Amino acid sequence: MSTKPRYRIEDGKVCIDIKVKTAQQLFDGRDPAPFRERDLDPDAVEYIVGAAEEISPKTDLKLVVWVSELPSPTVEDTTIVEAVRAHFIYELDRLRRRIRHHVRQGQLTLLVGLLVLVVFLTLAELTSMLPSGHFRPVLREGLVITGWVAMWRPLEVLLYDWWPLVRQRRLFTRILAAIVTIVHGQGSEERAPRP
């Protein structure tokens, strides 16, 4: 049993098709700025990002916007293309800042963690000055364990937490590399492929 592929292929690129009645639907209606600087509609962005996540990272993308209305002088095709690019350039810049902030935070937590580790290991060594008994080895081991537990979060931040940010950066870079085309006219919704 074969299933129909979710995304069509055109010119060797996997297409993400967006169907709208008017070009204005692509833009966030709450943003009062001129079109070129307006944010894209959050639902459109979510659809583009979700589709790009589903498509294999080894394939090139093509974004096709199917607009039922004829080209409008208020929202030209170049404006749509520039808005898509501007949105993802902004998001990519924002993500790069988050990654830099994350690395700086990781370095700071590592410094604090190392300081705590040194203090607790030193205290563990100083337990040898305490009188012998059952309490001394328990205290020593407790201090050693506490010192190493203090390193847990810095290592988590530096080794694991930044991978989702890097994956998202790669995804936005792929979307930015996609060719964006606009198809206009009556019946474009009917001509647009069905998912």
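Trainee: Before I look at the order of the elements, what counts as a helix or a strand, and from where are they numbered?
Mentor: Helices are DSSP runs of H or I with at least four residues, strands are DSSP runs of E with at least two, and they are numbered from the N terminus. Keep in mind as we go that this is a predicted model.

Trainee: Let's start with the strands, then. How do E1 and E2 pair?
Mentor: Strand E1, which covers residues 9-10, pairs with E2 in the antiparallel sense over 2 bridges, and Ile9 has Val14 in E2 as its bridge partner. The hairpin of these two strands has 2 residues between them, and there Asp11 takes a positive phi near 55°.

Trainee: And which way do E2 and E3 run?
Mentor: E2 and strand E3, residues 61-67, run parallel and are joined by 7 bridges. Along this pairing you can find Cys15 opposite Lys62 in E3, and Asp17 opposite Val64 in E3.

Trainee: What is the bridge partner of Val64 in E4?
Mentor: That partner is Thr181, and it belongs to a pairing in which E3 and strand E4, residues 179-184, run parallel with 6 bridges between them.

Trainee: Switching to helices, at what angle do H1 and H5 pack?
Mentor: Helix H1, residues 42-54, and helix H5, residues 163-177, pack at about 105°, and their axes are 10 Å apart. Angles of 65 to 115 degrees count as roughly perpendicular, and H1 and H5 are therefore roughly perpendicular to each other.

Trainee: Which residues make that contact?
Mentor: From H1 they are Ile48, Val49, Ala52 and Glu53, and from H5 they are Leu171, Phe172, Arg174 and Ile175. Sorted by class, this contact has 6 nonpolar and 2 charged residues, and no polar ones.

Trainee: One more topic: how many aromatic pairs are there?
Mentor: The structure holds 2 aromatic pairs. In the pair of Trp162 and Trp163, the ring centres are 4.5 Å apart and the planes are at 25°, so this pair is stacked.

Trainee: Why does Trp162 count as partly exposed, and what is the relative accessible area of Trp163?
Mentor: Partly exposed lies between buried, which is under 20% relative accessible area, and exposed, which is over 50%. Trp162 is partly exposed because its relative accessible area is 25%, and Trp163, with 36%, is partly exposed as well.

Conventions:
Residues are numbered from 1 along each chain as its sequence is written. This is a predicted model: local features need pLDDT of at least 70, side-chain atom pairs count only at pLDDT 80 or more; totals for chains, interfaces and linings use all residues. Side-chain values use heavy atoms; hydrogens and water are left out. Axes are lines fitted to C-alpha atoms, for helices over the stretch in contact, and angles run from 0 to 180 degrees between N-to-C directions. Angles under 35 degrees count as roughly parallel, over 145 as roughly antiparallel, 65 to 115 as roughly perpendicular and the rest as oblique. Contact means heavy atoms within 4.5 Å. Ala, Val, Leu, Ile, Met, Phe, Trp, Tyr, Cys and Pro count as nonpolar, Asp, Glu, Lys and Arg as charged, and the others, Gly among them, as polar. Two strands pair if DSSP finds at least two bridges between them. Rings of Phe, Tyr and Trp (its six-membered ring) pair if their centres lie within 6.5 Å; planes under 30 degrees apart count as stacked, over 60 as edge-to-face and the rest as tilted. Buried means under 20% relative accessible area, exposed over 50%, partly exposed in between (1.4 Å probe, protein chains only).
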